[in-house]
Amino acid sequence: MTQIPAFTPQPTGDGSWTFFSPEFGELFHSHHGAKQEANKKFVEPTRLVGQALKGEVGLLDICYGLGYNSASALEALWSANPRCEVSWVGLELDERVAEMAIAHNFHENWPHPINTILPQLASTGRATTPQFTGILHIGDARQTLASVIAQGFQADAIFLDPFSPPTCPQLWTVEFLGLVAQVLKPEGYLATYSCAASVRAALRLAGFEIGTTVPVGRKSPGTLARFCLDDLIPLSQKEEEHLQTRAAIPYRDPSLTDTAEVIGDRRQQEQQNSSLEPSSHWKKRWGAIAGNNK
């Protein structure tokens, strides 16, 4: 892959823009459409429009990045109920991402007052309007989330949007997701773009029930999690069987301080010692089933 200079705008399929991260070697959003992904993978699955009609919403955005997920959420919330009061918390490792999104005027594509909230968050980490109170925490989410928990913040919806598990395993571990679970309200929703078996297994170990979401721009679906099965689309037999393979061995980070390399090596060692079915056998079996159904 040709390395693109840090935070150079990249067009996506729906006309919105994103950045490429040289550090992680990935785009911040799907190349099919950054705004489309925000709406279809995060905003719509978490039923935010229905929550807006109740008048109050708590929202946690893990890996805030350019702000698309939160901006899309605010647009949907205030379109449904302009008087909805939003309590918002964002977690982001690199403050330059939000700053450069503003420098490239990405915020101008959003309606008022979102186009004033985004610059405030990028420059000061805080923003307040009659309908919005928000704080953006900069740093390792494993540590900043602890302070959010200590402050008693509770979310109706959580957006879990780190870089992919092999690239950023720190934020997909059983232990980190256990912290995330402490922030979600009993009837709340957690949405992520990932359908990785390791992620889904970790969510279950952290106390969540899980369901699937509709694929957006690619064949793979996302995952919707909550503390009850209500309103979840059940996993298919194929997906459930995937969770019985070595691919479903989750990432672990007991101290919540390990590096990506240490976390990845720990999982790899556990996979090598596992008696579970290799995922290659699962793929071959379901490939044969698909072939027989043609």
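A cavity is a set of grid points where a 1.4 Å probe fits but cannot get out. Keep that idea in mind. The model here is predicted. In this model there is 1 cavity of 30 Å³ or more.

What lines the largest cavity? The lining is made by Tyr64, Leu66, Tyr68, Ala98, Ala101, Ile102, Phe106, His107, Trp110, Leu118 and Ala122. Now sort them by element. Two helices, α4 (95-103) and α5 (114-124), each give two or more residues to the lining. The largest share, 3 residues, comes from α4.

Stay with these two helices a moment. Pro113 sits in the loop between α4 and α5. The peptide bond from His112 to Pro113 is cis, and its omega is near 5°. Most peptide bonds are trans.

Now step back to the whole chain. The protein chain holds 11 helices and 11 strands. It has 294 residues, and buried residues make up 53% of them.

Strands of a sheet pair through backbone hydrogen bonds, either parallel or antiparallel. Here 8 strands form an open sheet, and the pairing is mixed. Trace the order on the structure: β6-β7-β5-β4-β8-β9-β11-β10. The edge strands are β6 (126-129) and β10 (209-212), and each pairs on one side only. From one strand to the next, the twist averages 15°.

Strands β6 and β7 (residues 132-138) run antiparallel, joined by 4 bridges. Thr129 has Phe132 in β7 as its bridge partner. A helix also packs on this sheet. Helix α3 (residues 68-80) touches β4 (56-62), β5 (85-92), β7 and β8 (155-160). The direction of α3 makes about 165° with that of β4.

Move on to β4. This strand is mostly covered, with 6 of its 7 residues buried. On one flank, β4 pairs with β5 in the parallel sense over 7 bridges. Leu60 stands opposite Val89 in β5. Strands β4 and β8 run parallel, with 4 bridges between them. There, Asp61 has Phe159 in β8 as its bridge partner.

Is β8 largely enclosed or open to the outside? 6 of the 6 residues of β8 are buried, so the strand is largely enclosed by the rest of the structure. Beyond β8 comes β9 (residues 184-192). These two strands run parallel and share 5 bridges. Ala155 has Leu184 in β9 as its bridge partner.

Next, look at one residue in a helix. Leu203 is found in α8 (residues 197-205). Leu203 has a relative accessible area of 0%, so it counts as buried. Which residues does Leu203 touch, not counting those up to four places away in sequence? They are Leu177, Leu190, Phe208, Ile210, Thr223 and Ala225. Val180 is 23 residues from Leu203 along the chain, and the two C-alpha atoms are separated by 9.8 Å.

Most residues other than glycine have a negative phi. Arg47 has a positive phi, near 55°. Arg47 is found in the loop between α1 (34-43) and α2 (48-52). Leu256 also has a positive phi, near 55°. Leu256 is found in the loop between α9 (237-242) and α10 (260-272).

Which of these two is buried, and which is partly exposed? The cut-off settles it: buried means under 20% relative accessible area, and exposed means over 50%. Leu256 has a relative accessible area of 16%, so Leu256 is buried. Arg47 has a relative accessible area of 33%, so Arg47 is partly exposed.

Notes:
Residues numbered from 1 in each chain as written. Predicted model: local features only at pLDDT ≥ 70, side-chain atom pairs only at ≥ 80, totals over all residues. Heavy atoms only, no water. 1 Å grid on protein atoms, 1.4 Å probe; cavity = no way out; pocket = protein on both sides within 12 Å on 5 of 7 lines; lining within 4 Å. Points joined across faces, edges and corners; volume = space filled by probe spheres on them. Pairing = 2+ DSSP bridges. Axes fitted to C-alpha atoms, helices over the stretch in contact; angles between N-to-C directions. Contact = heavy atoms within 4.5 Å. Buried < 20%, exposed > 50% of the residue type's maximum accessible area, 1.4 Å probe, protein only.
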